[in-house]
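Subject: Structure for your review

Dear colleague,

Please find below the structure that I am handing over to you. My notes on it follow directly after it.

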Amino acid sequence: MTREELIPVVESLVFSSQRPLSLGRLAAVLKDVPADLLSETLNCLRADYQHWRRGIELVEVAGGYQFRTKPCYADWVGLMRNSKPFKISRAALETLAIIAYKQPVIKAEIEDLRGVELSGLLHQLLERGLVRMAGKKPVPGRPFMYATTKTFLEVFGLNDLGSLPTLKDWEELKAPGAG
Amino acid sequence: MAYMLEVDGFKGPLDELLVKARKKLIDIFSFSLADMVKEFLDQLNLETGDGMETAIDFLVPAASLIYLKSRFLLPREEGDGGEEGEDELDPILAFIEYQRIKEAVDSLCQQQVLGRDVFCRSVSEDDGQPGQVYDLEDVNIFHLAKAFFHLLDSLGPEPVLELKLDSVRVSDRIEQITALLASNPGLNFRQLLPEQYSRRHLVVTFLALLELVRQRLILLLQPDPWGEIMVFPVAQIPEEVA
């Protein structure tokens, strides 16, 4: 298949996928297509959608590709949708940020950092699928450890945890504690 | 905004300097902290109160930095482990860490948030399908536990069969019946029972009657099948029966 032929195929696959479609998944479907041609095709497709006459764009998120509305049309889409817009409290967001940067992390560590009890925040985040339980820590009491989910990446438009903002600063901060 | 610092060999926010100083990535003796404070005070307009916010952010890291430097300058006492000194700085580090979280939160908020700034196709919402559909990949122990406890809740409280032990005994009933018959020439079975009676009460009463019959103290009469059972003391057998 040529690149021109491949573009609509890839487009239909990404469109029909419920969750972000990973390159691996795409390659599994399009077995005979070399990987570099595939990513080239995706780049072409992305460029196509950047056109001002398009309301959606191809984004790379949570390790896959997904069509999303362009941010500038958020108000219009919001008018149509009955569901409430995504809302999250500052406290929940802080908790989420701590989990995102320090995962896997136990409840006590989060509380230490925030200086207040978490109460229902963790449950709220678990409920929304932003956070998951990531096993138990082998310390007395065997507390649950928490980590972020793929949904977290999707919601915040991140491709992977490495693309978290200011992670570098964080790493720098972590180092003296470890040393 | 964090206070931006520009001194010899370093340019950036103050708390970053503190982190670097602590990691000994930067020579704390290479520049004058007094100059740093002076520069800061120059920037701060005390009369108008401008930059007060920045001043607040400046104070703790600056104080920690001065403290850190003073600690290095003083001769270390014997037995004063390095660990202890590290511990003293931890609250400051925690403070900086918390500042970092706040920054992280801000930058998370600035992302194109799905469902707020950007949208994707969503089957479960737009098709009006009831219930939440989970991708199998995303199902974890939390969902499993939640489903289980939800199921438990939906079962409602476990049905409890409460058995009240009726304390009524055959011997007691015998006494009561004899007492009743002593003042009444004849009673029917229903009259022997209180207004509210249990099945046990009924059975015990019947057993008591049978016992009284066996002892030849009473006589039972049932005029027709399924009819009322009449109870007479033996002493007062109605004539037509006798």
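Helix α5(A) is mostly covered, with 10 of its 13 residues buried; a residue is buried if 20 or more other C-beta atoms lie within 10 Å of its own, exposed if 12 or fewer, and partly exposed in between, with C-beta atoms placed from the backbone. Among the buried residues of α5(A) are A:Ala92, A:Leu93, A:Glu94 and A:Tyr101. The helix covers residues 90-102 of chain A and reaches 18 Å from its first C-alpha to its last, close to the 18 Å expected at 1.5 Å a residue; the expected span is 1.5 Å times one less than the number of residues. Helices (H or I, at least four residues) and strands (E, at least two) are DSSP runs, numbered from the N terminus.

Please note that this is a predicted model, in which local features need pLDDT of at least 70, side-chain atom pairs count only at pLDDT 80 or more, and totals for chains, interfaces and linings use all residues. Residues are numbered from 1 along each chain as its sequence is written, while chains are lettered from A and ligands numbered from 1 in the order in which they are written.

The largest nonpolar core has 41 residues, and A:Leu96, A:Ala97, A:Ile98, A:Ile99, A:Ala100, A:Leu125 and A:Val131 touch the most other members. Such a core is a set of buried Ala, Val, Leu, Ile, Met, Phe, Trp, Tyr and Cys residues joined through C-beta atoms within 7 Å. Elements of chain A, including α3 (35-49), β1 and β2, each supply at least two residues of this core, as does α4 (82-110) of chain B. The most comes from α5(A), with eight residues. Leaving aside residues up to four places away in sequence, A:Ile98 touches A:Val105, A:Ile110, A:Leu113 and B:Ile101. A second, separate core of 10 residues includes B:Ile174, B:Leu181, B:Leu192 and B:Leu212.

Strand β2(A), residues 64-69, has six of its six residues buried. A:Gly64, A:Gln66 and A:Arg68 point one way from this strand, and A:Tyr65, A:Phe67 and A:Thr69 the other way. Its antiparallel partner is β1(A), residues 56-61, over six bridges; two strands pair if DSSP finds at least two bridges between them. One bridge joins A:Glu57 to A:Arg68. The hairpin of these strands has two residues between them, and A:Ala62 takes a positive phi near 50°.

Chain B contains nine helices and five strands, and 17% of its 242 residues count as buried. An open, antiparallel sheet of three strands has the order β3-β5-β4 in this chain. Its edge strands are β3 (187-188) and β4 (218-221), each pairing on one side only. Four bridges link β4(B) to β5(B), residues 230-233, and B:Leu219 stands opposite B:Phe232.

As to confidence, the predictor gives the complex an ipTM of 0.74 and a pTM of 0.53. Chain B has a mean pLDDT of 73, and 65% of its residues reach 70 or more; pLDDT is the predictor's confidence in each residue, from 0 to 100. Among the elements of chain B, α5(B), residues 123-126, has the lowest mean pLDDT (46) and α9(B) the highest (89). Where pLDDT is low, the predicted coordinates should not be read in detail.

Yours sincerely

How values were computed. Contact = placed C-beta atoms within 7 Å.
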